[in-house]
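Have the model open as you read.

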Amino acid sequence: NMEKDNYTVLTEFFMVGLSNYPTLQMLLYVLCPLMYLVILLGNSILIIISILDPCLHNPMYFFLGNLSFLDICYTSSTIPQMLVSFTSERKSITFIGCALQLVISLGLGSTECLLLAVMAFDRYVAICNPLRYTIIMNKRLCVQMAAWTWTLGFSVALTQSVLVLILPFCENIIDHLLCEIPALLKLVCVDISLNVFIMIIASIILLITPLLFIFFSYVFIISTILRIKSTEGRQKAFSTCSAHLTVVILFYGSALFMYMKPKSKDTKLFDELFGLSYWVITPMLNPIIYSLRNKEVKEGVKKVFIRNLYLRTM
């Protein structure tokens, strides 16, 4: 540890999350690579079929491809470093490495919040205004909306990260699995009121506002679906939204529980394990949910991969 009055610029941090549980660390060291492979495979398949299958060249799958790419990047920015930390004796990460992980992981998480709101708008237009869907959700608008989610997400993340990283740190031991703002703020020597205030504003912009937008979108969507007279029509309309709604509940439910519940020393182990499930399991389940609950994705997988296998055997 550094002395409280020593404001020397740090060159590295030490990640000691779960250090008191070596057996648990080894179990996670075995499980996390397997889940990471599932994440890479599942999300890569969704991206490939959304590009190669002409039937999936529509706004819904364009945004889904963005979501899959985002999940791949997010887990790639966290899992490899975490695995190295599990097996390393020093458990260190350079200051630059920690800064990059902080900006990238926070930026990708923030972007996903906004992207899920954009996907809710897409479903709202598709269900509530189907005759004008292709006019409203044109290619230009979709690209602009996707670009703005990435730009805004990373702008807010970069602002928050820089305002933390320029502060003087009294210690360089992070009692956490990843470089995150709450964990780093515990090491700061000076008043952090401004940083806490900015975190609250960022949470309103990136978490609460998109969640409210999604909620009201689905109020209108469900209201429209219930007015459809035929049972088959209602089922078809709901099936186009069910996968997205499931992902929203999984993502926002985990995020709200993780970041808004009261913290205490008694629940520290649970918090770290739940955080791990939030960082790994949610990106792993996203492609599975879309594959199981969406006939178009199943058909796309069959057409793209079975056709390629057939051509290779010819």
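Helices here are DSSP runs of H or I at least four residues long, and strands are E runs of at least two, numbered from the N terminus. Keep in mind that this is a predicted model: local features need pLDDT of at least 70, side-chain atom pairs count only at pLDDT 80 or more, and totals for chains, interfaces and linings use all residues. Residues are numbered from 1 along each chain as its sequence is written, and side-chain values use heavy atoms, without hydrogens and water.

Start with the inside. There is one cavity of 30 Å³ or more, a cavity being a set of points on a 1 Å grid over the protein atoms alone where a 1.4 Å probe fits but cannot get out. The largest cavity has a volume of about 40 Å³, counted as the space filled by probe spheres set on the points. Met60, Phe63, Met119, Asp122, Arg123, His244 and Tyr290 line this cavity, each with an atom within 4 Å of a point. Helices α2 (59–76) and α4 (95–128) each supply at least two of the lining residues, and α4 has the largest share, with three. By type, the lining splits into four nonpolar residues, one polar and two charged.

Leu152, Leu194, Val196, Phe197, Ile200, Ile201, Ile204 and Ile205 make a nonpolar surface patch of about 680 Å². Helix α8 (residues 193–226) gives the most to it, seven residues. Isoleucine 201 sits in helix α8, and counts as partly exposed because its relative accessibility is 35%, between the cut-offs of under 20% for buried and over 50% for exposed.

Methods:
Patch = residues over 30% accessible without salt bridge, like charges linked within 9 Å, V, L, I, M, F, W, Y side chains within 5 Å. Areas by Shrake-Rupley, 256 points an atom, 1.4 Å probe, with all protein chains shown as cover. Salt bridge = Lys/Arg side-chain N within 4 Å of Asp/Glu carboxyl O. Buried < 20%, exposed > 50% of the residue type's maximum accessible area, 1.4 Å probe, protein only. 1 Å grid on protein atoms, 1.4 Å probe; cavity = no way out; pocket = protein on both sides within 12 Å on 5 of 7 lines; lining within 4 Å. Nonpolar A, V, L, I, M, F, W, Y, C, P; charged D, E, K, R; others polar.
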